[in-house]
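Me: I have a model open and want to go through it piece by piece. Can you take my questions as they come?

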Amino acid sequence: MSMERKIPIEERLNSNAWDVDERPHIRIKDPDQCRKCDSKPCLYLCPARCYTPGSNGTVLFSHEGCVECGTCRVVCPNDAIEWNYPRSGYGVQFRFG
Amino acid sequence: MSIKFDAIIVGAGPAGLTAAQRLASKGLKVLVVERGRKPGSKNVYGGRIYAHVLDKLYPEYVKEAPVERWVRKERISFLTEDSGTTIEFETNNVEHKSFTASLSDFTEWLGKKAEAAGAVIISESPVDSLVVKEGTVVGIRSGNDEVYGDVVISAEGINRLVLERSGLAPKLEPQMVGVGVKEVIKLGRKVINDRFNVDDDEGVAWAIAGFSTHYVPGGAFIYTNKDEITLGLVIYLGHGSKVDVPVYDMVEEFRLHPFINRLIKDGQLLEYSGHLTPIMGLNASPPSLYGNGYLVVGDAAGFLLHGGIIIRGVDFAIESGRVAADAIIKIHEEGGKYDGSSLSLYGNMLEESFVMKELRAFRNAHRALDEPRLYNDYAKFINAFLKRYFDVDGTPRKIFSTFKETKGNLTILDMMRDMTKVVTNL
Ligand SMILES: Cc1cc2nc3c(=O)[nH]c(=O)nc-3n(C[C@H](O)[C@H](O)[C@H](O)COP(=O)(O)OP(=O)(O)OC[C@H]3O[C@@H](n4cnc5c(N)ncnc54)[C@H](O)[C@@H]3O)c2cc1C
Ligand code: SF4
Ligand code: SF4
């Protein structure tokens with residue numbers, strides 16, 4: 001993959017080794033909070049674009065591609081996220097770190 | 001499981017594994033519980049390790065450890081959209097002070113050292129919580145399993161869910177941490193040697209401020225491994241609301257900056273990662289670093305020295321793991337109990353080590369580093385100044401008038417104030 005161009009984040013995440021659990025380790029437990037959340041920091045600060053804008057001010061979450069950094073749980077001002085590590089070694093497998 | 005361990009360690013990072021190696025080598029029965037598939041598979045950093053601690057603890061590292069390149073050149077740049085000002089320091093002394101390495105490889109190596117000393121490492125097991133009985137930590141819980149130990153070390157890193165869930169650390173606040181995003185790009189050894197002007201085993205450590213984070217407090221970095229470079233940035237989350245593009249786009253804009261892009265021509269992306277990092281040193285420590293039945297080491301304890309240009313976490317993690325182990329060994333040999341008062345030995349020994357000496361000296365570093373002008377006005381000013389100064393066109397350019405012309409919104413008073421902050425706190 002040549003680097004002198006924009007590479008969509010999904011494509012960049014594909015360069016990683018993965019073993020994604022079908023069961024999500026993170027979820028938005030209170031979608032109402034997202035509707036009321038003006039700044040939506042998760043959209044800007046998640047390094048893996050797991051949070052994307054939905055309709056009517058909602059936010060959609062997908063755990064695929066999550067690099068397990070913990071940023072979303074720290075920046076969400078409304079405590080709307082339930083956050084766990086993936087079980088049994090699932091998730092991203094860093095080879096360089 | 002019904003076996004009882006002398007010590008249980010949560011997290012197989014540099015801190016936990018050093019404690020494990022040390023404890024096991026003294027004959028203690030040690031269990032390390034790690035959530036990843038193997039030590040190293042969940043760890044992320046920027047790129048270089050300061051070797052002073054290894055000289056003492058793992059002297060064989062020179063031959064054995066997965067060193068990539070010895071850092072011979074230090075660069076600091078202030079970058080704008082169209083200009084850049086760089087300071088480069090280079091030394092001819094073949095002093096081995098710091099080296100670049102893959103943290104996954106390095107952590108895996110520490111894991112082998114701990115196992116060779118007799119520690120048991122259980123992988124693929126996220127610890128959910130501590131087991132607490134009558135106010136004393138007596139073990140850990142992972143799924144349906146409980147394992148008991150005389151003492152538990154939290155070496156779980158900065159995203160310290162276990163401590164939080166046990167009420168031993170408050171929830172992380174945005175201003176305590178930064179998020180790092182990083183790309184590993186393969187270039188090949190010869191290309192790196194040519195483009196960075198280094199010999200085979202020599203490396204570059206490079207800190208870049210300004211445009212690289214869209215002028216938001218934080219900074220970007222580039223390190224050279226043997227065959228690949230690591231390129232990334234850290235954003236202080238306390239300033240997260242100032243970020244105008246998602247961080248995954250920001251790191252890409254940095255990579256595509258003309259001055260950076262030409263260095264990675266024909267490169268190939270090998271990995272994309274993200275991780276939190278503590279940025280306030282001791283101000284992000286849990287209220288207590290030890291208590292009945294437990295102690296805290298490494299990033300989980302806030303032991304990271306963030307001096308703006310220099311970021312040191314691995315050596316602090318290793319040293320605090322070493323100190324924790326030595327305190328436990330002493331209490332173990334005396335047949336003592338691990339309560340808050342006996343474990344204060346850990347606190348005292350930390351004060352004697354470079355961990356507390358250095359972290360206390362830099363206790364207020366974040367006050368200086370939290371100043372948005374450092375990343376914005378100054379980065380722009382220094383480039384505007386030099387651009388104007390070097391732009392010879394027949395009109396006189398005296399230094400002071402060029403300074404006044406290019407300083408933008410900065411007042412002399414701001415500059416004096418910021419200078420004082422930097423000089424007194426860093
Ligand atoms: C972007 C970035 C750049 C950095 N650059 C540098 C640098 O160049 N040089 C430097 O010295 N430092 C650097 N650091 C800091 C350095 O990475 C850390 O200080 C160091 O890794 C801390 O070691 P640790 O053992 O305390 O924690 P970690 O390395 O974070 O290890 C913690 C371990 O615990 C495991 N774990 C966590 N929770 C659980 C759980 N509940 N159950 C089981 N296991 C768990 C994790 O999987 C992990 O293996 C950087 C950090 C970042 C984010
Ligand atoms: S920051 Fe929290 S509340 Fe706001 S949109 Fe994101 S998940 Fe929802
Ligand atoms: S943990 Fe990190 S990568 Fe995963 S969803 Fe949250 S912010 Fe995104």
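Reply: Along its sequence, chain A runs α-β-β-α-α-β-β-α-β-β. That gives 4 helices and 6 strands in chain A, where helices (H or I, at least four residues) and strands (E, at least two) are DSSP runs numbered from the N terminus. This is a predicted model, in which local features need pLDDT of at least 70 and side-chain atom pairs count only at pLDDT 80 or more, while totals for chains, interfaces and linings use all residues. Residues are numbered from 1 along each chain as its sequence is written, chains are lettered from A and ligands numbered from 1 in the order in which they are written, and side-chain values use heavy atoms, with hydrogens and water left out.

Me: What share of the residues in chain A is buried?
Reply: Of its 97 residues, 53% are buried. Buried means under 20% relative accessible area, exposed over 50%, and partly exposed in between (1.4 Å probe, protein chains only).

Me: What box do the C-alpha atoms of chain A fill?
Reply: Roughly 40 × 35 × 20 Å, taken along the principal axes.

Me: Switching to ligand 3. Which residues are closest?
Reply: A:C46, A:C66, A:C69, A:G70 and A:C72 are the closest of 14 residues that surround ligand 3. A residue is near a molecule if one of its heavy atoms lies within 4 Å of it.

Me: And the shell around ligand 3 by class? What does it have?
Reply: The shell has 11 nonpolar, 2 polar and 1 charged residues. Ala, Val, Leu, Ile, Met, Phe, Trp, Tyr, Cys and Pro count as nonpolar, Asp, Glu, Lys and Arg as charged, and the others, Gly among them, as polar.

Me: Now chain B. Where does B:N43 lie?
Reply: B:N43 is in the loop between β2 (30-33) and β3 (48-50) of chain B.

Me: Buried or exposed, and why?
Reply: B:N43 counts as buried because its relative accessibility is 14%.

Me: What does B:N43 touch?
Reply: Not counting residues up to four places away in sequence, B:N43 touches A:F94 and A:G97 in chain A, and B:A12, B:G13, B:P14, B:L103, B:S104 and B:T107 in chain B. Contact means heavy atoms within 4.5 Å.

Me: Are B:Y61 and B:F99 buried or exposed?
Reply: Both B:Y61 and B:F99 are buried.

Me: Which residues form the aromatic cluster?
Reply: B:Y58, B:Y61, B:W70, B:F99, B:F106 and B:W109 form one cluster.

Technical notes:
Rings of Phe, Tyr and Trp (its six-membered ring) pair if their centres lie within 6.5 Å; planes under 30 degrees apart count as stacked, over 60 as edge-to-face and the rest as tilted.
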